[in-house]
Amino acid sequence: MSRTAGTGKRLGRFASTRWGVMVLLAAVAGTALRVWVYRSSLGIPDSDEAVVGLMARHFAGGELATYFWGQAYGGSQEVLATVPLFWVAGSGWLTLRLVPIALSAVTAVVVWRVGRRTIGEPAAVVAGCVSWIWPPFVIYKLTHQWGFYASGTLYTGLLLLVTLRMVERPTKLRIASFGLVVGLAIWQSTQLVPIVLPAILWAIWKQPAWLRRIWIAALLAALGALPAIVWNARHGWGSLASPIEDTTTYQHRLRIFASPLMPMMLGLRTPFTQEPLLSAVVAGLVLACLVGLFAYGAYRARRREASLLYVVAACFPLLYALAPATLFSQEPKYLVVLSPVVVLLVAQLASTYWRAVALVGVALVLSVATLHRMDTYFRTVPVRPPVAPRDLGPLISTLDDLGVDRVYADFWLAYRLTFDTDERIIAAQNKFTELRFEGGQAVASRHPFIRYPHYETEVEDARHGFVFFREAIARGADRRPGKPARERAEQMQGLVTELREHGYREATVGPFVVFAPP
């Protein structure tokens, strides 16, 4: 072997080794970030998560549902994936969250696969690494099990991948795969519509030949979306109606996409507080540079596969803002599905090893800084409406001492309490607007939009108590500050007075007040 050949081989091994070290360090860093989120105030579970856990338990018993309980959106695929874990390891918060964390890891691999076809190596490897450690809000969101966010990011990656494969070679199998992924994605989350439509348009532009077999894609899409189609046919096509009636204008929703939501997604603003990470001038310069790079990259990529990323990214806000629910500016939760596209676009900057190291380092710093700020906010700022603390042990012990295993509670406690006790204690969510007394027992007026009506019926039919948040009674903390909160406090105090007058036993435990029947 010549000296030149030997030197080249050693350099090749060194290059592969140092890239491998970077991947390993990114894997460790991403895992550490999730452990941090899980154990910090950011990781306190809530009732939305508990609903997913309760659905998984009921699925295991044969009680299936197409969508998230009480909603006409949010498919149940992640619930189905959770059932085997509950069978093997038992139900609990860690087991419940393993599914979104695992889906995040799979998404990183899929992003790498998409990157190989669009931005090439070594940028594709960097994209996979960055996907695991950034954006910070996505790490926070997908360390929780909120039903369809983790699968949404995975489907974004899969939609990009199957679109590229179909355009590359439009065989029957690849067209069928494309259709099936589209159908499954739409059932799981309508948030993916702004990804699906641009992908279809790009495929028509790049490879119109697949349209001759579009019937294959249509049939497989219908098959993938069949549970959603059947459910909607039986429920008046409820998924087409918006759960938000009072929204803002389309122009306003586009504006808040640009700011503050997109900077939040990038880690340049802190979710919930909107606090900028950098000064206004520096942040403005960074965003201007990113917009300029996007325009330049789109022009250069117009004849390459990477143009798919730019088409999806450009079309996404225009379609996303059509949904009335996108009026919220506190957190970029509806932008989570766009994160694989954002990661791939950013990873193009990593054309050399040291640029890759710098990019991964910056992404990690942004995530650490933003998650730290979010953790500080969650620890120090009172939440409205109040939410249940991590440890419900004292409340559960108090209910056991009072002999109460059926209660009415606020939404943010009801499903947490039910899940934490393996349904030994059943809590029915209630708005606490009115009481009536039957045989000396108080019965709350029914909730108009309850997630799981069976719990309400079970509580009504049993000897039951009430659990209130102390702050809701004292200050109306489950309403907006000002007049709504004052009126709510008066209403809650009136309900409490009625319970006391009818001989209900009262016990204060932590942030709760419990009323047990006489």
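This briefing covers helix packing, selected residues, cysteines and backbone features of a predicted model. Local features are reported at pLDDT of at least 70 and side-chain atom pairs only at pLDDT 80 or more, while totals for chains, interfaces and linings use all residues. Residues are numbered from 1 along each chain as its sequence is written, and side-chain values use heavy atoms, with hydrogens and water left out. Helices (H or I, at least four residues) and strands (E, at least two) are DSSP runs numbered from the N terminus.

**Helix packing**

- Helix 8 (residues 172–188) packs on helix 10 with the axes 7 Å apart and an angle of about 35°. Axes are lines fitted to C-alpha atoms, for helices over the stretch in contact, and angles run from 0 to 180 degrees between N-to-C directions.
- The crossing of helix 8 and helix 10 is right-handed. A crossing is right-handed if the near helix is turned clockwise from the far one by less than a right angle, and left-handed if anticlockwise.
- On the helix 8 side, the residues that meet helix 10 are Lys172, Ile175, Ala176, Phe178, Gly179, Leu180, Gly183, Leu184 and Trp187. Helix 10 contributes Ile216, Ala217, Leu220, Ala221 and Gly224. Contact means heavy atoms within 4.5 Å.
- By class, the residues of the contact between helix 8 and helix 10 are ten nonpolar, three polar and one charged. Here Ala, Val, Leu, Ile, Met, Phe, Trp, Tyr, Cys and Pro count as nonpolar, Asp, Glu, Lys and Arg as charged, and the others, Gly among them, as polar.
- Helix 10 (residues 214–224) also meets helix 11 (residues 226–234), where the axes come within 4 Å and cross at roughly 65°. Helix 10 is therefore roughly perpendicular to helix 11. The classes are roughly parallel for angles under 35 degrees, roughly antiparallel over 145, roughly perpendicular from 65 to 115 and oblique for the rest.
- The contact between helix 10 and helix 11 involves Ala222, Leu223 and Gly224 of helix 10 with Leu226, Pro227 and Ile229 of helix 11. Five of these residues are nonpolar, one is polar and none is charged.

**Buried residues in helices**

- Valine 37 lies in helix 1 (residues 3–39). Its relative accessibility is 1%, so valine 37 counts as buried. Buried means under 20% relative accessible area, exposed over 50% and partly exposed in between, with a 1.4 Å probe and protein chains only.
- Beyond four places in sequence, valine 37 is in contact with Leu42, Gly43, Ile139, Tyr140, Thr143 and Leu371. For the pair valine 37 and tyrosine 140, the sequence separation is 103 residues and the C-alpha to C-alpha distance is 6.4 Å.
- Isoleucine 256 belongs to helix 12 and is buried at 2% relative accessibility. With residues up to four places away in sequence not counted, isoleucine 256 touches Leu261, Thr326, Leu327, Phe328 and Ser329.
- Isoleucine 256 and glutamine 330 are 74 residues apart in sequence, with 9.9 Å between their C-alpha atoms.
- Serine 339 is part of helix 15 (residues 339–347) and is buried, with a relative accessible area of 4%. Leaving aside neighbours within four places in sequence, serine 339 is in contact with Pro135, Val138, Thr153 and Met265.

**Cysteines**

- The disulfide count is zero, where a disulfide is a pair of cysteine sulfur atoms within 2.5 Å.
- Cysteine 129 is buried at 5% relative accessibility, whereas cysteine 315 is partly exposed at 24% relative accessible area.

**Backbone features**

- A cis peptide bond with omega of about 5° joins glutamate 121 and proline 122. Proline 122 sits in the loop between helix 4 (93–118) and helix 5 (123–133).
- The bond from serine 259 to proline 260 is also a cis peptide bond, with omega near 20°. Proline 260 is within helix 12 (residues 250–266).
- Aspartate 422, a residue other than glycine, has a positive phi near 55°. Aspartate 422 is in the loop between helix 18 (411–420) and strand 2 (426–429) and is exposed at 51% relative accessibility.
- Phenylalanine 432 likewise has a positive phi near 55°. The loop between strand 2 and strand 3 (435–438) holds phenylalanine 432, which is buried at 3% relative accessibility.
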